[in-house]
Structures are given as structure tokens and as C-alpha cells.
Amino acid sequence: MEFDFEKLDEQTRYRLLTNFIGPRPIALVSTRSAAGHNNAAPMSFFNVFSHEPAIIALGIQPRMDGREKDTMANIRRTGEFVVNMVDMALAEAMLVCGLGFETEVDEMEKSGLQPVACNKIDAAFAAQSPCAFECRVDHLIEYPRRVIVLGEVVHMHVHRHCLDDEGRYVEPQNYQPIARLHADNYISSDRQFELKAPAIHNFMPAD
Ligand SMILES: Cc1cc2nc3c(=O)[nH]c(=O)nc-3n(C[C@H](O)[C@H](O)[C@H](O)COP(=O)(O)O)c2cc1C
């Protein structure tokens, strides 16, 4: 089948993109509300796009009724947010945070996430998250039906056992984030395998 994306309606585009571009890692984004409490929401329109500077991107769409999501409003107001990575142990809390609570609800409290004050920004990360990235807004790219948030990572928290003995590389037995596939389908990273590039003379090694 072929699909002309320039002619498709919004829902069909959303369905095809999210069904086929995956698995997408999940950022459980925590922010500070105007009233001062913690807000948290999962975002799977998320990835890393640069290391120099250290830039991650989120894609945040409005609520069904057209109002801006709390995460987006908080990011606009404060210019700061945290990406908490999600593993199986955090899956249920992540889903609770994804429910459409009203602005005054503290989703970290609702979902049993333990807030810990960040080092460089005025927000909290979840103690249970295997690793969390403190971010400051670098750019907001505005579309009528989505804002792409480019954030610069300014600090990282990571559980010690998710790193190897030297504290350099990930420990794959202990760090196993989950990712979103289509609709309510997810995948865990507990079946990792190594792929070695073939040794072909004169080729530069890949990044
Ligand atoms: C796994 C998962 C991924 C999601 N990804 C996104 C996303 O990338 N962008 C978005 O706008 N909403 C996404 N959502 C929906 C928001 O998390 C949801 O609308 C949430 O209630 C927003 O909360 P807030 O108003 O506190 O920001 C996702 C939900 C789930 C469960």
C-alpha cells in the first residue's frame, strides 16, 4: 500500500507514524507547576539529537479539547524540565502519570514517585527512575498542533548499578528501559544482542 502524507487527515498520519516508527523511548517528563507542585507526564515523541550541545527533543501536542497540556505550559513558564527514563518497575507509575489529571494534581504523588530536588533546575526527578536528565529549554518550534521542545541536558542522575565498574558505560543487565510501539503495546530491552560491523579494509568505523 502507498500513503500520500500530503493528502492524509491528521488522525491517519498520527496512526501510521506512531504504528510504524518505533519502538520510541519514553521520557517521563517532570516539571514544576505555577502553584509549585510536581507535574509528570510520559512522552514518546522523544529522543536525543545532539551531544555537543547535549540536545534532546520532545513533541507535545495539545489536549483533546485544544488546551495546552500542563507539561507544555510549565516548560514555557519555567524553561526547565526533567526527562526521567522508564523501566518495567516504573511502567505502571508512568501510565498513571499519562492519565489526564487536572492542573492542580501532583502526578508524582498520585503515582507513588518519590520526588528529589534537582541540582541545577527548579524541578524534581523521580528517585525510582534509573536515570534522569535535567534540561533547560534551548528552542521551542511551534506548529499549530504540536510544539517540538529542544532541551539542553545540563545534569544527569543515574543509579550506580546501571553503570559498569568504571562508571563509564551502561550495564545492560541492569538498565533496561521500556519503549512504546503502537497503541498500548510496549517493548522492554531485556533481549539485547551485539551486532559487530564487518571488518572491511579502508572503511571508517561508524559512530
Ligand atoms: C506512553 C505514553 C506516551 C505519550 N507520549 C506523548 C507525547 O509524546 N506527546 C504528548 O503530547 N502526549 C503524550 N502522551 C500523553 C500525555 O502523557 C498525557 O496527555 C498526559 O496526561 C499529559 O499530562 P500533563 O497535562 O500533565 O502534561 C503519552 C502518553 C503515554 C501513556
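User: What makes S4 and S5 a pair of strands?

Analyst: In this predicted model, strand S4 (residues 46–51) and S5 are joined by 5 bridges in the antiparallel sense. Pairing requires at least two bridges found by DSSP, so the two strands count as paired.

User: How many residues join S4 to S5 in the hairpin?

Analyst: The hairpin that connects S4 to S5 passes through 2 residues.

User: What else pairs with S5, for example how is S5 joined to S10?

Analyst: S5 and S10 run antiparallel and are joined by 6 bridges. Since at least two bridges are required, S5 and S10 are therefore a pair as well. Ile 60 has Val 147 of S10 as its bridge partner.

User: How do you know that S9 and S10 are paired?

Analyst: Between S9 and S10 there are 12 bridges, and the strands run antiparallel. The requirement is at least two, so S9 and S10 pair. They form a hairpin with 2 residues between them.

User: Why is Cys 135 called buried?

Analyst: Cys 135 has 29 other C-beta atoms within 10 Å. The cut-off for a buried residue is 20 or more, so Cys 135 is classed as buried. The residue is found in strand S9.

User: Which residues does Cys 135 touch, leaving out those up to four places away in sequence?

Analyst: Cys 135 touches Ile 56, Glu 80, Phe 81, Val 82, Val 83, Gly 151, Glu 152, Val 153 and Val 154. By contrast, Leu 90 is 45 residues from Cys 135 in sequence and 21 Å from it in space, C-alpha to C-alpha.

User: What makes S1 and S12 stand at the edges?

Analyst: The sheet in question is open and has 3 strands in the order S1-S11-S12, with antiparallel pairing. Strand S1 (24–25) and strand S12 (186–188) each have a single partner strand, so one side of each has no neighbour in the sheet. S1 is joined to strand S11 (residues 178–180) by 2 bridges. The requirement is at least two, so S1 and S11 count as paired. Pro 25 stands opposite Ala 179 of S11.

User: Which residues of H2 are buried, and what do they pack against?

Analyst: The buried residues of H2 are Asp 70, Thr 71, Met 72, Asn 74 and Ile 75. They pack against strand S2 (27–32), S3, S5, strand S6 (80–85), strand S9 (131–143) and strand S10 (146–158). H2 is followed by Gly 79, which has a positive phi near 70 degrees.

User: Which residues are closest to the ligand, and how many surround it?

Analyst: The ligand is surrounded by 18 residues, the closest being Ala 41, Phe 45, Lys 69, Thr 71 and Gly 98. Two or more residues of the shell come from each of strand S3 (38–43), strand S5 (54–60) and helix H2 (70–78). S3 gives the largest share, 4 residues. Sorted by class, the shell holds 8 nonpolar, 7 polar and 3 charged residues. Thr 71, one of the closest residues, is also one of the buried residues of H2.

User: How do you know whether the radius of gyration agrees with that of a compact globule?

Analyst: For 207 residues, a compact globule would have a radius of gyration near 17 Å, and the protein chain has 18 Å, so the value agrees. Along the principal axes, the C-alpha atoms fill a box of roughly 60 × 50 × 30 Å. The protein chain has 4 helices and 12 strands, and 28% of its 207 residues are buried. Of the contacts between residues at least 6 apart in sequence, 58% join residues at least 24 apart.

Terms used:
Residues numbered from 1 in each chain as written. Predicted model: local features only at pLDDT ≥ 70, side-chain atom pairs only at ≥ 80, totals over all residues. Near = placed C-beta within 6 Å. Nonpolar A, V, L, I, M, F, W, Y, C, P; charged D, E, K, R; others polar. Rg over C-alpha atoms; globule rule 2.2 N^0.38 Å. Buried ≥ 20, exposed ≤ 12 C-beta atoms within 10 Å, placed from the backbone. Contact = placed C-beta atoms within 7 Å.
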